[in-house]
Amino acid sequence: MRKNFGAKPLSYPQPVYIIATYGEDGTPNAMNAAWGGMSEMKEISICISAGHKTTKNILQRKVFTVSMAEAGQVVACDYVGIVSGNKVTDKFAKAGFHAVKSEFVDAPLIEELSVAVECRLIDFNPETGILRGEIVNVSVDERVLDEKGKVDAAKVEPLVFDPFNNDYLKVGEKVGKAFSDGKKLK
């Protein structure tokens, strides 16, 4: 037996992205966005509305960063999603975030979030809310690398959004090896 939920944006996993920009005056801004993902080898697509301060900043500067939300920063990451940058001009600072200027785009990296995708604007469709960015770099804080220099997901503790229950879930346990485990059925 199955239960039908109708045509809604309900799926697992939904990454929790924190999009960061600089405003006209250079003030860092961030927002939480859960509807997005990689759409090409060097492209990320995220659904955000035209009314966000972040959207306005992106359209003006043509760049942005996208950090993965982390369990250790869940309060700050949720805060930047429930407070508007149009009303609270220093929400980045109030979240306890510290901006580090990207080497690749004129947008802030968030010191407290260890994995970031640095992007140039490809386009934004105000009717659909789809923002597309060209990935120009992925930067990772060394604190989440293992002894071989690879990202350790257990150290990052990335969050996913559970749209069925409005919860954040922590990613962590390894259950298999991609591009390998399925070979057992060949």
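Here are some friendly notes on this predicted model, point by point.

1. Three strands make an open sheet with antiparallel pairing, in the order β1-β11-β12. At its edges sit β1 (14-15) and β12, each of which pairs on one side only. Strands β1 and β11 (residues 159-162) are joined by two bridges, and Pro-15 stands opposite Val-160 in β11.

2. Now look at the surface. Phe-5, Tyr-12, Phe-164 and Leu-169 form a nonpolar patch there, and together they have about 380 Å² of accessible area. Leu-169 belongs to strand β12 (residues 167-170). Its relative accessible area is 35%, so Leu-169 counts as partly exposed.

3. Aromatic rings come next. The whole structure holds four aromatic pairs. One of them joins Phe-92 and Phe-97 edge-to-face, at 5.6 Å centre to centre and with 65° between the planes. Both Phe-92 and Phe-97 are buried. Three residues from the surface patch also turn up here: ring pairs link Phe-5, Tyr-12 and Phe-164 into a cluster.

4. How many salt bridges are there? The count is eight. Among them is the one between the side chains of Arg-61 and Asp-106, at 2.5 Å from N to O. This pair links distant parts of the chain, 45 residues apart: Arg-61 is in helix α1 (residues 53-61), while Asp-106 is in the loop between β7 (99-101) and β8 (108-110). Arg-61 is partly exposed at 26% relative accessibility, and Asp-106 is partly exposed at 32%.

5. Another salt bridge brings together the side chains of Glu-70 and Arg-143, at 4.0 Å from N to O. Here the partners are 73 residues apart, with Glu-70 in the loop between β6 (63-68) and α2 (74-82), and Arg-143 in the loop between β10 (130-140) and α4. Arg-143, at 41%, is partly exposed.

6. Setting aside neighbours within four places in sequence, Val-156 is in contact with Glu-70, Ser-114, Val-115, Val-144 and Val-151. Val-156 is buried, with a relative accessible area of 3%.

7. Finally, a salt-bridge network links Glu-43, Asp-123 and Arg-132. Within it, the closest N and O atoms of Asp-123 and Arg-132 are 2.7 Å apart. Asp-123 is partly exposed, at 31% relative accessible area, and Arg-132 is partly exposed at 25%.

Conventions:
Residues are numbered from 1 along each chain as its sequence is written. This is a predicted model: local features need pLDDT of at least 70, side-chain atom pairs count only at pLDDT 80 or more; totals for chains, interfaces and linings use all residues. Side-chain values use heavy atoms; hydrogens and water are left out. Patches are made of residues with over 30% relative accessible area and no salt bridge: like charges are joined within 9 Å, nonpolar side chains (Val, Leu, Ile, Met, Phe, Trp, Tyr) within 5 Å. Accessible areas come from the Shrake-Rupley method with a 1.4 Å probe; for residues, only the protein chains shown count as cover. Helices (H or I, at least four residues) and strands (E, at least two) are DSSP runs, numbered from the N terminus. Buried means under 20% relative accessible area, exposed over 50%, partly exposed in between (1.4 Å probe, protein chains only). Contact means heavy atoms within 4.5 Å. Rings of Phe, Tyr and Trp (its six-membered ring) pair if their centres lie within 6.5 Å; planes under 30 degrees apart count as stacked, over 60 as edge-to-face and the rest as tilted. Two strands pair if DSSP finds at least two bridges between them.
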